[in-house]
Amino acid sequence: MQLYNIASWILGVFYWGTIVHGSKLLSGGTIVAFDHDTGLFNIVRNGSLLIDKDRIAAIFDTVSPDGIPDDTELVDCTNKIITPGFIDTHRHGWQTVYKTLGSNTTLAEYATRYGAPAGLKLFTPDDLYISQLTGIYEALAAGVTTILDHAHHTWTREHAEAGWQASIDSGGRIFFAYGLQNATADFQVPQQMAHWSELAKSASTINLATLCMAYDDFTDSPENITRAVVDFAKENNVPVLTTHQVEGPWMFGNTPEDLYRSGILNSSVSVVISHSAFLTARGAQLLRSTNQHISITAESEMHYGHVHTTSHLILDQASLGVDTHFTFSTDILTQARIWLQRVRERLYSHTVADRWQIPDSNPMSVNQAFLLATRQGGLALGREDLGVIAPDAKADIVVWDGRSPALLGWADPIAAVILHASVGDIDHVLVDGEFVKRDKKLVIDGYEGVQDRFLEAAGRIQAKLKETPLPQLVGAFLTGYPYGTVQQADVQRGDGTGYGPSYA
């Protein structure tokens, strides 16, 4: 019996020798471990993973290692694949109740109908709590163990506290990025910063939820407001600050150049810039020089029309996010798969379409997609101990059924997950060493009650939205750029296109 490498052996013996009662041993599976020295994966077949409280204590190359405490819980993982949990670096959890209403929406329609400004009139604080909580449960069931939640529902103290409390109660590892915004006349950025400070006083006693910050006005807000936000973030050692960047004709701003000028990009605060549509070469270089990251939300950016201009050129400083899970997939697995094939298609086209040459290799590997979905997310959040299976890393784990119809016959565990698996193949999910999903079912007391509360809120809010006419996208967008006609697909022979109405 051996631990899988020298570094593991050193740490493994230390932790193994001090294991407290109540540890867990995931036994007999194929473990996708991470080697910090090479930056690549170590695949341990028919191995075991020892979890001590919230941490990975050791990785063994045998099914039944010696000396494990008698009261260790044994979890049979024979024929299963054991991976780190997925990390989502951009999501708006509070929007869960909108599900399926935005199936054919655009970013321009979203901005006025589903975005933060529209929410205050639709949500009570209790609605927001149950929508946020249910959305996190949905993500946990899909193997997403860590979420950077861009909480732009901070219209009132009560709404902000509802989202924060739901994040605490969820059992997920949530980086709750409290949105600083001038959303209402009597609860603006100065009042929100004071409220953030109130919440922060008790946040130190909370295990899994981390109070962070979001701010979307680096480009257009008065300089004194932005300066106050940046100073506040630095003075309070905010772990993560996130912002939306969508440029081009959208002109939403918040570029790396703007953040660098404000003094936040080159600080100790981890910065995650979501979307980064129309990122410039200068912006990319600033990200590299300051070691800050973007969050690519592949499905969202294709759905809404942000478009991907340069994101594929900065993958060394990238992670993956979901964004608005009410319109499409909630899982990072889907984002990794879509982005992998999107990058492959784009880079292939340079050779095949532009130069009429035959590709001599595949431009992006499944390993790289898996890194973006796991390890890179941890780095974006400033956390080396997230998104990896290695000694002393946090025990955020997903266990896959290797005998499912989709995975039967797999040889490469990473390829099996990235290209063949679905969330239905997930047997177990652990966060901080505790089961949140076991035997394909969420481990949540009173989940049916949560479902009932959610369905009541969703039905009421969706009814209000259905009564609201859709915005007419004519003339010019908010930024002054004109709306343009988009060619619609035609999938029906003869008359009609098959586009049809929404059946919500």
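Is Gly378 buried or exposed? Gly378 is buried, at a relative accessible area of 0%; buried means under 20%, exposed over 50% and partly exposed in between, with a 1.4 Å probe and protein chains only.

Two quick notes on the source. This is a predicted model, where local features need pLDDT of at least 70 and side-chain atom pairs count only at pLDDT 80 or more, while totals for chains, interfaces and linings use all residues. Residues are numbered from 1 along each chain as its sequence is written, and side-chain values use heavy atoms, leaving out hydrogens and water.

Back to our glycine. Gly378 sits in helix H13, residues 375–380; helices (H or I, at least four residues) and strands (E, at least two) are DSSP runs, numbered from the N terminus. Setting aside residues up to four places away in sequence, Gly378 touches Ile87, Arg383 and Leu386, contact being heavy atoms within 4.5 Å. From Gly378 to Thr146 the C-alpha distance is 8.8 Å, although they are 232 residues apart in sequence.

Now the sheet. Eight strands make an open, parallel sheet, ordered E6-E7-E8-E9-E10-E11-E12-E13; two strands pair if DSSP finds at least two bridges between them. E6 (86–91) and E13 (318–320) are at the edges with a single partner strand each, so one side of each has no neighbour in the sheet. In the parallel pair E10 (240–246) and E11 (270–277), seven bridges do the joining, and Thr243 stands opposite Ile273 in E11.

Thanks, and happy to chat!
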